[in-house]
Amino acid sequence: MIFSPDGKTLAVRHAIEGGQFGDEHSTRLYDAASARLLRKVTPKESLDVPWTPSLAISPDGALVACFVGPLGSTVAPTALRLFDVRTGKERAECGGGFLDEENGAIAFSPDNEVVATLSGKPADRSLLVLDAKTCTEQAHFRTRDTTDFVFTDPFHLLTAGANGLELRDRRTGQSRAISRPVGAVYAARFSPDGRYLAQGLDEGVVLVWDLGSTNGPRRLAGHQKTIAAVVFSPDGKTLATAGNDGLLNLWDTATWQKTRTLRGHGEGIDGVAFSPDGKRILTASYDKTARLWDASTGASVWTFPGGTLLTATAFSKDGRRVAIGAINDTVLVLDATTGKIAREIYIPKGGIVSRLFFAGSDALWSWTTHGGLRRWNLDTGESTFEQTPRSKTSFMTASLAPDGNTIVTSSLGDRGAIGLLDAASGKLLRSLKHPVHGKPWHYEMSMSPDGRFLASASPDGSLSLWRTDREQPILTIRAAEGRDAAVVFTEDGYVDFVGPEANSLRRLTLCTVGRQWFPFEVCGERLHVPGLFAKVLKDDSSFREP
């Protein structure tokens with residue numbers, strides 16, 4: 001739904017199935033003061049109105065724009081149509097078509113002269129600028145992966161998408177970048193005491209959040225490429241970070257100074273694990289080797305030639321065995337002292353072994369891209385539990401809670417859903433689902449030591465925080481590339497800007513009113529909550545409007 005610019009009229013999309021007169025899909029206009037129905041907006045012929053809630057009312061309040069036609073159909077493409085607000089009659093059909101159901105942005109220019117919309121799938125998307133009176137096309141620009149836009153003046157649009165924010169001239173098509181996205185977040189981990197949350201970014205930087213502070217994150221710069229792993233030592237005094245540059249950096253968590261860089265891998269490092277006593281570190285690399293390091297000296301204890309790309313690592317609880325995962329459906333269990341193979345486990349059609357963790361003295365859990373979640377008896381090498389994908393879509397990741405009693409899983413096929421499983425039985429305890437349809441999946445998840453919070457890292461550059469007793473995330477963090485700043489926001493629109501360069505993000509941030517996006521300075525002040533991060537973690541909801 002959306003209000004007219006003067007606030008007197010409310011436009012609402014209706015989708016009623018199995019009503020008195022069959023299925024009904026319409027747009028209705030109400031008097032905003034009395035909620036009295038003024039009129040129904042209907043197309044000339046009988047067509048389905050897509051469920052997408054996209055609506056726009058022209059600044060002068062004379063026109064309402066919405067989509068009509070079976071959404072995504074290859075037979076009758078979705079069309080943008082203009083209706084007269086006073087009469088409810090159709091004014092013009094603008095075409096368009098084949099929109100992804102998760103998008104459908106519409107906006108009028110401030111001077112009422114043109115209306116803009118998106119057309120096409122994300123990989124081949126275009127921004128259409130149409131005459132608001134005749135629906136004739138005035139401009140057609142390729143804007144790959146654009147999801148939303150807003151007019152900043154009659155001649156310029158601010159577009160938002162995978163490429164960040166861009167300011168585009170609707171007459172010439174020329175654009176300039178306002179900000180670039182951070183990129184995927186591949187790693188996230190709580191410290192053993194639950195005080196810190198470390199986040200690895202695509203740009204080779206690690207952000208460390210103090211969960212008890214209202215300050216912004218601490219920025220650790222020591223890598224040249226994507227951060228693939230962040231792991232705290234068992235005593236919490238050291239943070240190990242590894243990336244696609246093949247480096248393993250160790251950081252003192254008291255000062256956040258880098259204490260050592262371990263070099264030896266010729267390709268990126270994908271798996272990192274501390275021994276239970278914190279004295280040794282195991283790494284697995286795309287250079288087809290695994291290495292055991294002395295954490296205090298940085299010396300290499302042994303090197304294991306895997307013969308293929310190695311991905312995941314784990315130490316047994318007693319520190320006597322280690323497990324290494326490979327991309328060829330294989331898990332190798334080695335003697336931690338000698339680096340010799342103790343057992344080789346083959347997972348039929350398993351794909352890449354992305355996560356490993358020990359449970360008890362004789363059980364090992366594996367998580368593979370196609371074989372799902374399995375538990376292995378290390379004495380016999382047999383699988384004692386299997387949870388395979390429900391569809392052809394791959395599983396994404398899994399992690400073990402600090403208490404060893406809960407396994408956290410996520411898969412591509414469930415649209416970002418997270419499952420909490422009992423580690424003993426594999427029984428599903430609870431599901432957490434993103435409220436936004438199509439929210440990206442999660443590359444890594446980490447549960448806090450007390451089991452109250454869960455952090456999930458996503459390829460859209462966001463880090464979401466969940467309460468494990470709730471189905472939706474309580475907070476999302478999006479860092480700014482190249483800046484000591486981040487945007488913190490809740491699903492209901494409240495926002496805060498943190499870090500030394502926080503003010504620079506205010507002019508780059510969009511806020512929403514209904515389905516319309518605006519620069520933050522226009523509509524976001526009432527949603528700005530200083531200290532939002534700490535308030536949400538403390539479950540303080542006093543800032544929310546009644």
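**Loops, strands and ring pairs in a predicted model**

Biologist: Between which strands is the loop where Lys 288 is found?
Modeller: This is a predicted model, in which local features need pLDDT of at least 70 and side-chain atom pairs count only at pLDDT 80 or more, while totals for chains, interfaces and linings use all residues. Residues are numbered from 1 along each chain as its sequence is written, and side-chain values use heavy atoms, with hydrogens and water left out. Strands here are DSSP runs of E with at least two residues, helices are runs of H or I with at least four, and both are numbered from the N terminus. On that basis, the loop with Lys 288 lies between strand 26 (280–285) and strand 27 (289–294).

Biologist: Is Lys 288 buried, partly exposed or exposed?
Modeller: The backbone of Lys 288 has a positive phi of about 75°, although the residue is not a glycine. Buried means under 20% relative accessible area, exposed means over 50%, and partly exposed lies in between (1.4 Å probe, protein chains only). Because its relative accessibility is 39%, Lys 288 counts as partly exposed.

Biologist: What is the relative accessible area of Asp 329?
Modeller: Asp 329 is a residue other than glycine with a positive phi, near 65°, and it lies in the loop between strand 30 (321–326) and strand 31 (330–335). Asp 329 is buried, its relative accessible area being 15%.

Biologist: Are the rings of Tyr 196 and Trp 256 stacked or edge-to-face?
Modeller: Rings of Phe, Tyr and Trp (its six-membered ring) pair if their centres lie within 6.5 Å, with planes under 30 degrees apart counted as stacked, over 60 as edge-to-face and the rest as tilted; the count comes to four aromatic pairs. Tyr 196 is buried at 12% relative accessibility, and Trp 256 is also buried, at 7%. Since their ring centres are 5.1 Å apart and their planes stand at 85°, the pair is edge-to-face.

Biologist: How many residues apart in sequence are the parts tied together by Trp 209 and Phe 533?
Modeller: The ring centres of Trp 209 and Phe 533 are 5.2 Å apart and their planes are at 15°, so the pair is stacked, and both residues are buried. Because Trp 209 lies in strand 19 (residues 205–210) and Phe 533 in helix 3 (residues 532–537), the separation in sequence is 324 residues.

Biologist: Which residue is the bridge partner of Val 487 in strand 46?
Modeller: Strand 45 (residues 486–489) runs antiparallel to strand 46, joined to it by four bridges, and in their hairpin, with five residues between the strands, Gly 493 takes a positive phi near 100°. Both faces of strand 46 (residues 495–498) are covered, with Val 495 and Phe 497 buried on one side and Asp 496 and Val 498 buried on the other. The partner of Val 487 is Phe 497.

Methods:
Pairing = 2+ DSSP bridges.
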